[in-house]
Amino acid sequence: MAVLSFAISQRIEASMMQTAAEEGALFTEFFLGPSAQELATSRTLSPESVKNLDDLLAGKLGERVRLIKIWLPDATLVYSTSKETIGGRFPSPHITAAVEGKVFGHFDYLDDIENATERQLHVAVVEIYAPLFRTGTPEIIAVGEVYNDGRRLAADLASIRLTAIGIVGAVSAPMMLILFLMVRRASDLVTSHQTSLVQKVIEAKNLATQNDRLRRMADDARLEAGSSNENLLGRIGQDLHDGPIQLVSLLMLKLTESNDRKSAGTGYDGPRDASLQVLTARILTELRDISSGLVLPQLDGLTPNEILWLAVQQYEDATGVEVGCRIGDLPEDLTQPLTICLYRIVQEGLNNAFHHAKAKGQRVAVSADTQWIAIAVSDTGSGCAEDNHRDSRSRRALGITGLRNRVEALHGTFELLSQRGSGTTIRAKLPIARTES
């Protein structure tokens with residue numbers, strides 16, 4: 001806005017100065033032209049012409065015009081109100097421009113050498129240069145220089161400057177105030193949003209910390225549940241072995257002794273006693289199968305590879321079925337929940353294949369990389385749906401749902417792929433978890 005004010009005042013000043021110069025050119029042509037005509041043939045003015053020029057300032061015109069000078073085209077001063085510098089040569093670009101036919105005007109404070117005498121006026125004057133033409137021709141025979149009193153023009157220009165500054169200021173002040181208020185409001189809005197975002201970030205961090213703590217607690221709870229489940233299964237198996245199995249064994253022993261006595265006394269073995277003995281033997285066998293499936297063998301001191309081979313060997317010893325195995329090298333420092341999960345997958349997969357696929361084409365494949373362990377237990381039987389597995393829980397220690405929960409508790413993935421006529425595959429992928437040293 002300051003630059004705009006300065007540009008406006010400068011433009012107005014230039015316009016007013018050009019107008020003053022054009023008026024001064026008319027004055028020079030009208031008053032100085034007749035007296036300067038003899039310079040077309042001479043380099044000096046006659047005394048009569050000098051007197052006429054001096055008389056111009058003695059009258060009313062002298063109140064406005066302070067100085068008059070006439071220059072030859074070569075910058076030689078042939079007339080001046082101050083007689084001391086007449087005859088001197090003072091080259092100037094303004095004289096050169098006037099010789100070329102241009103009119104020029106500007107404020108002058110009489111600082112030039114030729115104005116040493118007039119400097120005592122101590123007023124601002126408007127210095128105007130205008131060409132003087134030979135009458136009736138475009139020939140320039142001299143240059144007229146007029147010094148008008150510039151106090152009025154200077155006052156007008158000062159008033160115009162102040163007016164321009166006032167107008168621009170009056171317009172710019174409300175604009176600046178509005179801009180300030182807009183920026184202030186935007187700044188307050190940004191600050192408010194920033195504060196809100198910072199608060200939300202803090203809340204998000206707190207929630208993330210809380211979620212992480214809850215996740216760790218949930219993981220610990222799942223692992224604890226798995227450990228408790230193993231302990232519960234072990235106790236159930238032990239209780240079955242120490243309780244019902246012992247009682248059924250005792251019943252079986254008594255039935256055998258009773259049949260022996262009857263056979264020895266009468267030689268007759270009743271069919272009811274024989275069927276009761278067979279039924280009791282079957283119950284005893286199933287209770288022992290359930291008990292052996294529930295009780296986890298002693299795994300301490302065994303590596304993960306040895307534990308998986310142990311599960312396969314126990315199955316082969318119990319069923320007499322050979323299982324194809326491809327077990328890669330596993331890390332030896334796996335956590336106990338992960339090791340037990342791998343053992344249960346092999347155990348449950350092989351037992352299911354024995355009951356539902358008649359132990360056809362049973363295979364166990366285990367591989368590991370730096371982050372995951374992949375395990376698959378498959379068969380080439382007739383295939384069955386997962387619902388059929390759920391319906392047969394009474395014939396096995398662990399169900400598919402239990403295996404799925406174990407795997408998901410360890411952040412792994414579990415799949416049961418089964419199609420009739422194509423066999424069944426249990427496939428799991430578990431992240432490697434190592435014991436802390």
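**Exercise 1.** Determine whether Leu299 is buried or exposed, and find which residues Leu299 touches.

*Solution.* Step 1: Leu299 has a relative accessible area of 12%, and it is therefore buried (buried means under 20% relative accessible area, exposed over 50%, partly exposed in between, with a 1.4 Å probe and protein chains only). The model is predicted: local features need pLDDT of at least 70, side-chain atom pairs count only at pLDDT 80 or more, and totals for chains, interfaces and linings use all residues. Residues are numbered from 1 along each chain as its sequence is written, and side-chain values use heavy atoms, with hydrogens and water left out.

Step 1: Leu299 is placed in the loop between helix H6 (271-294) and H7. Helices (H or I, at least four residues) and strands (E, at least two) are DSSP runs, numbered from the N terminus.

Step 2: Not counting residues up to four places away in sequence, Leu299 touches Ile307, Leu310 and Ile340 (contact means heavy atoms within 4.5 Å). Leu310 lies 11 residues from Leu299 along the chain, and their C-alpha atoms are separated by 9.2 Å.

**Exercise 2.** Describe helix H7 (residues 304-319) and its surroundings.

*Solution.* Step 1: H7 has 16 residues and reaches 23 Å from its first C-alpha to its last, close to the 22 Å expected at 1.5 Å a residue (the expected span is 1.5 Å times one less than the number of residues).

Step 1: Among the buried residues of H7 are Ile307, Leu308, Ala311 and Tyr315. Their cover includes S6, H8 and S7.

Step 2: Just after H7, Gly320 takes a positive phi of about 75°.

**Exercise 3.** How do strand S6 (residues 324-327) and strand S7 (residues 363-368) pair, and in which sheet do they lie?

*Solution.* Step 1: S6 and S7 pair in the parallel sense over 4 bridges (two strands pair if DSSP finds at least two bridges between them). Arg363 in S7 is the bridge partner of Gly324.

Step 1: An open sheet of 5 strands, with mixed pairing, has the order S6-S7-S8-S10-S9. S6 and strand S9 (413-419) are the edge strands, each pairing on one side only.

Step 2: H8 packs on this sheet, touching S7, strand S8 (372-378) and strand S10 (423-431). The direction of H8 makes about 15° with that of S8 (axes are lines fitted to C-alpha atoms, for helices over the stretch in contact, and angles run from 0 to 180 degrees between N-to-C directions).
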